[in-house]
Amino acid sequence: MDSNSIVSEKKGSITSVQISDVAAEDVHVPHMGLTSSVNMIVGLIIGSGIFASPGPVTVAVGSVGASLIVWVIGGVLSMIGALCYAELGTMISKSGGEYQYLKSSYGLCVGLTFAWANLLLTNPLGTASIATVFAQYIIKMAYFNIPDYVGPQYATKLVAIACIWLVVIFNSVARKAGAYVANVFTFAKLLALAMIIIIGFIWLGKGDMKVNFTDSFDGSATNVLKYGTAMYMALFSYNGWNNLNYGISEVKNPARNLPLAIIISCTLVTVVYVLTNIAYFATLPVSTVTTSKTVAVELGKVSMGSAGGYFFALMVVFSTFGAVNGNVWAASRLVMAAANDDGVFMPAFFGKLTQKTQSPIRSLVLVGVIATIWCIPGDFTYIANMYSFTGWLFYGLTVLGLIIMRFKKKTKDLERPFKIWLPLAILFLIIDCYLIVAPLIDAGPDGVIQYIICIIIGLLAIPIWFVRIRKPSIGRLLLGWIPGYTEPHILVNKEAEVMEYEPKQPEEK
């Protein structure tokens, strides 16, 4: 994914949500055809997860064959989800993505809960997980000549945190730095994947690891809950399939081009991911794939010697640094939007640009602090599971909202330039429910705590919504003593609308 990673300068990214509810939206001239749309979706999805997820996926399902099937299912599920979002995006044209869809389906409270979870969970968890991959490959490069070196976990965390703050400083100093980094480092990940796939084909021909593909389903997990956990790790790499919705107004003939672009791009990404996994298994023993945290380095060492291993480590470092940069860039804009557009959760203090550099330093620092906190609890698998759980919880709510709006009196007659076949949306929702419940049960009493933490943090949005929006008098009583306390912009705007349209009473003579 590059939820985890990529930011579109045009309209936003998976996390660059603008949570305004203005009457008039910016007018964009449609300029993206089918090819441009495909390129954008592919670029937004393909990210650093494919360099870290293959091992955890294989560990969960227990065999090569089952692992490859999980990657295929992940691609198909992402395609169905993207098609659901295509219907929502062509029906609801306001900016804000899931915020607008959830608000239209369930009301303002659920929309704001998504915005809150995105600020505190989804984006920083994605940033922390990618920074952890960056750290694993950096440490591998530092101790390259020590076989099977596994450093202390605190070292990985410190390097990951250093990566985050380097990106924060970089974006604070130069306003356009984020865009430059994204352009340069996107090339690194594409080059690395292309070379891995080519090496895979060569080694398939040599047949050195053909044992991995003989009886490839032997040892497959019989516990169905394990497949939910495996799907989390695979779907982590597919995140980003909903990003085109943030620039949907720029797509020519979206009723035709959007579904076609989704089908083509998701198919391409799925093929790339499956071929990459095949390359890993064609080059390395299964035990190496499942135990190594730097599988691309191992592939490079086996196929091209130490120089090859070092080259792939460098490419992944570039790729992950670019991904962290994209997330931090997007999250800082999300914080600014939350501060300036609705003011429910975020004080106006964080919505200001620094005059000298025209960079959102305050929001960048806040983003860095939150992402740093999420680097502390666990390893890559731990953080990525929390990220996937939070993301797929809201994906499911959004698609359920699509189904509700098909029958809701106020929305059933809305124009839908593109409509997904309803049974596909229902299938997506059923699988999504499995993906939410299965890992919770499979985690056991100890592992389930990480998911409970996500739920509690997300639900904190409801009491904040209640005292800030539903009962603002209580909010003033509880929070009014805080210096700089202001009413939420949403509340002020609604009161202004009421005053504007309220009929004037005739003056008494």
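Predicted model: local features only at pLDDT ≥ 70, side-chain atom pairs only at ≥ 80, totals over all residues.

User: Fine. How many helices and strands does the chain have?

Analyst: The chain has 18 helices and zero strands, where helices (H or I, at least four residues) and strands (E, at least two) are DSSP runs numbered from the N terminus.

User: And what share of the residues is buried?

Analyst: Of the 509 residues, 56% count as buried, with buried meaning under 20% relative accessible area, exposed over 50% and partly exposed in between (1.4 Å probe, protein chains only). As for contacts, meaning heavy atoms within 4.5 Å, residues 24 or more positions apart account for 82% of those in the chain with a separation of 6 or more.

User: Now the charged pairs. How many salt bridges are there?

Analyst: A search of the whole structure finds four salt bridges, each being a side-chain nitrogen of Lys or Arg within 4 Å of a carboxyl oxygen of Asp or Glu. In one of them the side chains of Arg416 and Glu87 meet at 3.2 Å, N to O. That pair links distant parts of the chain, with Arg416 in the loop between helix H13 (380-407) and helix H14 (422-447) and Glu87 in helix H3 (residues 64-91), 329 residues apart.

User: Are those two buried or exposed?

Analyst: Arg416 counts as buried at 11% relative accessibility, and Glu87 counts as buried at 0%.

User: Which residues are in a network with them?

Analyst: Glu87, Arg406 and Arg416 are linked in a network of salt bridges.

User: What about the other bridges?

Analyst: Glu298 and Lys140 form one at 3.3 Å, N to O, and here too the pair links distant parts of the chain, namely helix H11 (residues 295-342) for Glu298 and helix H5 (residues 108-142) for Lys140, 158 residues apart. Both Glu298 and Lys140 are buried. Lys226 forms a salt bridge with Asp442, the closest N and O atoms being 3.6 Å apart; Lys226 is in helix H8 (residues 224-238) and Asp442 in helix H14, 216 residues apart. Lys226 is partly exposed, at a relative accessible area of 33%.

User: How do H8 and H14 cross?

Analyst: Their axes, which are lines fitted to C-alpha atoms, for helices over the stretch in contact, come within 8 Å and cross at roughly 115°, the angles running from 0 to 180 degrees between N-to-C directions. The crossing is left-handed, a term used if the near helix is turned anticlockwise from the far one by less than a right angle, with right-handed used if clockwise. Among the residues that meet are Leu225, Lys226, Gly228 and Thr229 of H8 and Ala438, Pro439 and Asp442 of H14.

User: Tell me more about Ala438.

Analyst: Ala438 lies in helix H14 and counts as buried at 2% relative accessibility. Leaving aside its neighbours within four places in sequence, Ala438 is in contact with Leu225 and Gly228. Ala438 and Thr229 are 209 residues apart in sequence and 7.2 Å apart in space, C-alpha to C-alpha.

User: Switching topic, why is H2 described as largely enclosed?

Analyst: Six of the eight residues of helix H2 (residues 54-61) are buried, so H2 is largely enclosed by the rest of the structure. The buried residues are Pro54, Gly55, Val57, Thr58, Ala60 and Val61, and they pack against H3, H8, helix H9 (254-283) and helix H10 (286-291).

User: What follows H2?

Analyst: H2 is followed by Gly62, whose phi is positive, near 90°.

User: And what is phi at Asp215?

Analyst: Phi of Asp215 is near 50°, a positive value in a residue other than glycine. Most residues other than glycine have a negative phi. Asp215 lies in the loop between helix H7 (177-206) and H8, and is exposed, with a relative accessible area of 55%.

Conventions
Residues numbered from 1 in each chain as written. Heavy atoms only, no water.
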